[in-house]
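Student: I have a structure open and would like to go through it with you. Can we start with the sheets and then get to the rings?

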Amino acid sequence: MTSPSLSKPQTAKVGSFLRFLRRVVAHWRAIVLLLILPSVVFLEARFDEFARFDLILLALLLIFIASQIFWLGRLIELGERFIPRRPRRVWLAIIAAWSIFVFLYSYSEWGHGHVIRPDDYRPQSMLIHAAFWWWFVGSIAAFLLVSAFGAADRAARAAWWVYRKGRTTIHRHTAAPDAESTLLSPGRRRFLEQTAVLVSATPFVATGYGLLYERQNVEVVRQRVRLARLPKAFEGFRIAQLSDIHLGPFTTADYIRRCVAITNGSQPDLIALTGDYVCWDPEAQGEAVRVLAGLRAPHGVFGCMGNHEADIGIEDSITRLFAAQGIRMLRQERASIRRGDEMLNLIGIDHGGDVAPDAEQQVEGDRRLQQLKALIMPDTVNILLIHYPHAFGDHELGIDLTLAGDIHGGGQLSLDFIHPGLNLGSLMGVPYIRGLYKNGGEQLYMNRGIGITGLPIRFGARPEITMLELDRT
Ligand SMILES: [Fe+2]
């Protein structure tokens, strides 16, 4: 069946829209530059401690815009190559729908989910959410790789040009090798094009792997922690830490049950939960608690509040639900863990909300610090459960070991296996990302979490259950 042909005014509209799209693609550098300048001037004018974070967000946004314009250009090329004579409205409709969806979806509620938040369990919403994030991460990474590849090609051509000029100068009467023609040969161009296609496909494959596999490929990390003041009775004491559970559409109860079974199978002496039990849905708290109620340890299960509990206002209700299951949330409280005549002092502090105004968070942070100081026992080993360790490194308070999470191993996207610090968290200026940190006599363990929030992808940041074994030497 043939498609009905377009009327003249319709054809004119389609043609002018295409011309507009081509202009956008042709001038993408100028457009991005125009967007950058006023924003940078504004941020520099009010430079404060959050300006770096805002500048990084802005850079990410601009790279995103540039990458979408770049891919729009490739899509137009593809459309013209494969359906040159067909009525263009089919692929025009696809491009228009894609552009509108990507921009609307990405511009809303930066940093706190998108139009369809990850607490929407409908299959179609989950599919759109997953597809969006796969495209978002894959298209930006592929754009950066293709740009780097293009820059390397230009650098190679420039080097050849310099080399050729040098040869010509030295051997004035000798014919220099025609390097430029070699570089511009059809064979080389074809090779470069094919390599660029392969290079640009890699991030999409990697993101698909992170979405479909690594996201729930949980790893049990065994970490020995030496504490000089540890009482002899606690030598070999084992603490299992679970963090950032985020029960929701992409972190199902079945997956959390699997994590609970793995934890119990390791037979820890005590279990520590370091916050963020749900994503954005208060209704999910009941199920999160029911699933975690399966955790077993002879010295008990303890926890602290994360920012998500504060942000959606469930700190009190989830504490009551946990208490009914025998799990104790430590909220500006301490608990004595005893073995014989000896003890450890376990402290828990609330994180507070991340969506509160900055000044309010500062006041809250200062208040929490004072409360923490009052809970420390100077002659005892103090272990702190806190969602993110704001005070670690700034103050030596006498806390021997802090257990925290929050950063999801570097924003769930990390290339630390290539170079330490190549992860989203570090790029945002977050000092503590994953693993063990030391500051004088104090130590901090940053757990990568087992769930996800925002993007349903983990790459280079596998979900983690930590088995910490305390030692004196
Ligand atoms: Fe979290």
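Tutor: Six strands make an open sheet of mixed pairing, in the order E1-E12-E2-E3-E4-E5. Two strands count as paired if DSSP finds at least two bridges between them. Helices (H or I, at least four residues) and strands (E, at least two) are DSSP runs, numbered from the N terminus. This is a predicted model: local features need pLDDT of at least 70, side-chain atom pairs count only at pLDDT 80 or more, and totals for chains, interfaces and linings use all residues. Residues are numbered from 1 along each chain as its sequence is written, and side-chain values use heavy atoms, with hydrogens and water left out.

Student: Which strands stand at the edges of that sheet?

Tutor: Strand E1 (219–226) and strand E5 (328–329). Each has a single partner strand, so one side of each is left without a neighbour in the sheet.

Student: How many bridges join E1 to E12?

Tutor: Eight, and the two strands run parallel. Arginine 226 stands opposite aspartate 471 in E12.

Student: And which strands does helix H8 touch?

Tutor: Helix H8 (residues 253–265) packs on the sheet and touches E1, strand E2 (238–242), strand E3 (270–273) and E12. A contact means heavy atoms within 4.5 Å. The direction of H8 makes about 20° with that of E12; axes are lines fitted to C-alpha atoms, for helices over the stretch in contact, and angles run from 0 to 180 degrees between N-to-C directions.

Student: Why is H9 called largely enclosed?

Tutor: Because six of the eight residues of helix H9 (residues 285–292) are buried. Buried means under 20% relative accessible area, exposed over 50%, and partly exposed in between (1.4 Å probe, protein chains only). Among the buried residues of H9 are Gln285, Val289 and Leu292. Their cover includes H8, E3 and helix H11 (315–324).

Student: Now the sheet that has E6 in it. What is the strand order there?

Tutor: That open sheet of six strands runs E6-E7-E8-E9-E11-E10, with mixed pairing. Strand E6 (333–339) and strand E10 (435–439) are the edge strands, each pairing on one side only. From one strand to the next, the twist averages 20°.

Student: In which sense do E7 and E8 pair?

Tutor: Parallel: strand E7 (residues 342–348) and strand E8 (residues 381–385) share five bridges. Isoleucine 347 has leucine 384 in E8 as its bridge partner.

Student: On to the rings. How many aromatic pairs are there?

Tutor: The count is 18 aromatic pairs. Rings of Phe, Tyr and Trp (its six-membered ring) pair if their centres lie within 6.5 Å; planes under 30 degrees apart are stacked, over 60 edge-to-face, and the rest tilted. Tryptophan 160 and tyrosine 163 have ring centres 5.6 Å apart and planes at 85°, so this pair is edge-to-face.

Student: Where do those two residues lie?

Tutor: Both are in helix H5 (residues 123–170), three residues apart, about one turn of the helix. Tryptophan 160 is partly exposed at 39% relative accessibility, and tyrosine 163 is partly exposed with a relative accessible area of 39%.

Student: Which pair links distant parts of the chain?

Tutor: Tyrosine 209 and phenylalanine 459, edge-to-face at 6.3 Å centre to centre and 80° between the planes. Tyrosine 209 is in helix H7 (residues 186–212), while phenylalanine 459 is in the loop between strand E11 (442–446) and strand E12 (464–471), 250 residues away.
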